[in-house]
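This briefing is meant to be read with the sequence and the coordinates side by side. Please keep both open while following the points below.

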Amino acid sequence: QMMEKFMNADSYENSNFDMSYSPEHKFHHKDHSSKSGFNFGMLRQARDAGDTTKDLELGDKLIAKINAHKESMVADIGNMTCVLQECGMLNAENELDVRSMKQKLNAYTLPSEWFKNRFENLIDNCYEMATNLPANIEEENVVSGDFGKVNVGQIKHFLKCYKDEHRKLCMDQDTKNKIEDNYGPVADILEQTNWTEHQLFTAFMYLITKDDNEFFGY
């Protein structure tokens with residue numbers, strides 16, 4: 001399987017997930033919470049306005065509890081950075097490492113040169129998106145520890161983008177194969193229709209499923 005450990009990290013809403021590629025383009029979700037225990041949801045604790053008793057019971061222990069939670073969270077983020085460095089996603093400075101991620105692709109037999117080119121493009125696009133966040137988001141999501149500094153916000157946004165675009169790319173590869181197996185080279189069809197690949201693939205899926213949402217790209 002491709003990049004077996006590459007996506008051993010948290011997404012926005014979920015706990016740890018493992019995003020791997022197989023020749024059948026199947027994706028697998030794995031709960032690795034037992035390994036790192038880190039969940040970005042920890043950063044978004046929802047407060048129940050009606051439950052004030054629990055808050056009052058904290059008393060002077062509030063600061064101690066917050067500091068204990070902080071230490072635990074920082075330790076888990078340190079574990080996360082270690083995993084992502086081993087995967088080649090982060091460099092020694094805990095920054096997203098585009099070159100390393102692209103080099104990882106060379107270790108695997110990909111379904112086509114077309115797939116590889118677009119995989120490299122999606123890495124570039126997700127990196128561009130993740131490293132151009134509003135300044136306040138950048139500043140609020142920097143965490144420091146024995147591991148150095150890491151911008152958790154950038155990692156979260158990159159992983160979400162990667163997850164979504166990786167899935168879409170594999171679906172596009174399947175669509176491209178179906179079109180070429182039955183109707184000829186995609187390049188010829190693009191020339192005849194004057195459409196982009198995205199428009200062609202979306203229209204094709206609409207025609208074979210009659211799903212309006214598919215046609216509009218939802």
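Which residues make a nonpolar surface patch of about 270 Å²? In this predicted model, the patch is formed by Leu-62, Ile-63 and Ile-66. Ile-66 has its place in helix 3 and is partly exposed, with a relative accessible area of 46%. The points that follow go from the overall architecture to the nonpolar core, the salt bridges and some local details.

**Overall architecture**

- The protein has 10 helices and 4 strands, and these follow one another along the sequence in the pattern β-β-α-α-α-α-α-α-β-β-α-α-α-α.
- Of the 218 residues of the protein, 39% count as buried, while the accessible surface comes to about 13200 Å², with 48% of that area belonging to carbon and sulfur atoms.
- When contacts with a separation of 6 or more are considered, residues 24 or more positions apart account for 55% of them.

**Nonpolar core**

- The largest nonpolar core has 37 residues, and within this core Phe-119 and Phe-158 are the residues with the most contacts.
- Two or more residues of this core are given by each of helix 3 (62-87), helix 4, helix 5, helix 7, helix 8 (186-193) and helix 9, and the largest share, 9 residues, comes from helix 7.
- As general background, nonpolar side chains in soluble globular proteins tend to be buried together.

**Salt bridges**

- A search of the whole structure finds 5 salt bridges, and three of them are described here, beginning with the one in which the side chains of Lys-102 and Asp-124 meet at 2.9 Å, N to O.
- Because Lys-102 lies in helix 4 (residues 98-105) and Asp-124 in helix 5 (residues 113-130), this pair ties together parts that are 22 residues apart in sequence.
- Another salt bridge is formed where the side chains of Glu-197 and Arg-118 meet at 3.0 Å, N to O; since Glu-197 lies in helix 9 (residues 197-209) and Arg-118 in helix 5, the pair ties together parts that are 79 residues apart in sequence.
- Arg-118 is itself partly exposed, with a relative accessible area of 28%.
- A further bridge joins the side chains of Asp-172 and Lys-168 at 2.9 Å, N to O, and these residues, being 4 residues apart in helix 7 (residues 152-183), are separated by about one helical turn.
- Within that pair, Asp-172 counts as buried because its relative accessibility of 16% falls under the 20% cut-off, whereas Lys-168, at 31% relative accessibility, counts as partly exposed.

**Glu-180 and the residues it meets**

- Glu-180 is found in helix 7 and is partly exposed, with a relative accessible area of 31%.
- Leaving aside its neighbours within four places in sequence, Glu-180 is in contact with Pro-185 and Val-186.
- The approach to Val-186 includes a polar atom of the Glu-180 side chain, which lies 3.0 Å from the backbone nitrogen of Val-186.

- Asn-94, which lies in the loop between helix 3 and helix 4, has a positive phi of about 65° although it is not a glycine.
- Asn-194 is found in the loop between helix 8 and helix 9 and likewise has a positive phi, of about 60°, although this residue is not a glycine either.
- Is each of these asparagines buried or exposed? Asn-94, at 6% relative accessibility, counts as buried, whereas Asn-194, at 69% relative accessibility, counts as exposed.

Technical notes:
Residues numbered from 1 in each chain as written. Predicted model: local features only at pLDDT ≥ 70, side-chain atom pairs only at ≥ 80, totals over all residues. Heavy atoms only, no water. Salt bridge = Lys/Arg side-chain N within 4 Å of Asp/Glu carboxyl O. Buried < 20%, exposed > 50% of the residue type's maximum accessible area, 1.4 Å probe, protein only. Core = buried A, V, L, I, M, F, W, Y, C linked by side-chain atoms within 4.5 Å. Contact = heavy atoms within 4.5 Å. Polar contact = N/O pair within 3.5 Å; in protein donor to acceptor, adjacent residues only side chain to side chain. Patch = residues over 30% accessible without salt bridge, like charges linked within 9 Å, V, L, I, M, F, W, Y side chains within 5 Å. Areas by Shrake-Rupley, 256 points an atom, 1.4 Å probe, with all protein chains shown as cover.
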